[in-house]
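Reader: I would like to go through the labels used for this model. Please set each one against its criterion.

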Amino acid sequence: MRYKRPDKKNALSILEASQRDMKFTQSLEISEQSGATIVRNVYESFRMLDDSLLVAKGIESEDHVTPINELMKLKVNTDRPINLVDNLRRLRHNINYYGYQPSVEEVKEVKSIANSLFEPIKNEVLKKIK
């Protein structure tokens, strides 16, 4: 982790990009071929929210754990536990580094997690970076 000047404008740009990516990813049809891409994109959209928080604070992360830990500190009312995002991190890791292919059911669950958590987290992050 490295400290640098807080950059709220860049943080807002990252947040907006995560929103665009999540919207596109949610529009993808679930299939065995699209599953890994959907899981990776959903996770990356959450990670980008985390990064926008860190950029606004002037923190540069060198791994995926620090941003997720920052997200876990948020006080957000959601239908599902916020720590499910860490499960997405592990699933994405298995896909990228072990060639794991998620089942259609797992991908449906990932989309369900995104539907439950993304908007409330995005709204809270937006409050924090403005």
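**Labels and their grounds**

Author: In this predicted model, the buried residues of helix 1 are Ala11, Ile14, Leu15, Ala17, Ser18, Met22 and Thr25.

Reader: What makes these buried residues line one face of helix 1?

Author: Their directions, seen down the axis of helix 1, stay within an arc of 165°, so they line one face. On the other side of helix 1, Lys9, Arg20, Lys23, Phe24 and Ser27 are exposed.

Reader: What covers the buried residues of helix 1?

Author: The cover includes helix 2 (35–57) and helix 5.

Reader: Why is Met22 called buried?

Author: Buried means under 20% relative accessible area. Met22 has 4%, so Met22 is buried. Met22 lies in helix 1.

Reader: Which residues is Met22 in contact with, leaving aside its neighbours within four places in sequence?

Author: Met22 is in contact with Val42, Ser45, Phe46, Ala114 and Phe118. A contact here means heavy atoms within 4.5 Å.

Reader: How far apart are Met22 and Met1 in sequence and in space?

Author: They are 21 residues apart in sequence. In space, C-alpha to C-alpha, the separation is 26 Å.

Reader: How do you know that the span of helix 1 is close to the expected one?

Author: Helix 1 (residues 8–27) has 20 residues. At 1.5 Å a residue, 28 Å is expected. From first C-alpha to last, helix 1 reaches 29 Å, which is close to that value.

Reader: Why is Asp86 called buried?

Author: The cut-off is under 20% relative accessible area. Asp86 has 14%, so Asp86 is buried. Asp86 lies in helix 4. Leaving aside neighbours within four places in sequence, Asp86 is in contact with Ile68 and Met72.

Reader: What describes two packed helices?

Author: The angle between their axes and the distance between the axes. For helix 4 (residues 84–98) and helix 5 (residues 104–129), the axes come within 11 Å and cross at roughly 145°. The crossing is left-handed.

Reader: Which residues make the contact of helix 4 with helix 5?

Author: Helix 4 gives Leu84, Val85, Leu88 and Leu91. Helix 5 gives Glu106, Val110, Ile113 and Leu117.

Reader: How many nonpolar, polar and charged residues does this contact of helix 4 with helix 5 have?

Author: By class, there are seven nonpolar, no polar and one charged residues. Glu counts as charged, and Glu106 belongs to the helix 5 side of the contact.

Notes: Residues are numbered from 1 along each chain as its sequence is written. This is a predicted model: local features need pLDDT of at least 70, side-chain atom pairs count only at pLDDT 80 or more; totals for chains, interfaces and linings use all residues. Side-chain values use heavy atoms; hydrogens and water are left out. Axes are lines fitted to C-alpha atoms, for helices over the stretch in contact, and angles run from 0 to 180 degrees between N-to-C directions. Helices (H or I, at least four residues) and strands (E, at least two) are DSSP runs, numbered from the N terminus. A crossing is left-handed if the near helix is turned anticlockwise from the far one by less than a right angle, and right-handed if clockwise. Buried means under 20% relative accessible area, exposed over 50%, partly exposed in between (1.4 Å probe, protein chains only). The expected span of a helix is 1.5 Å times one less than its number of residues. The arc is that of the directions from the helix axis to the C-beta atoms.
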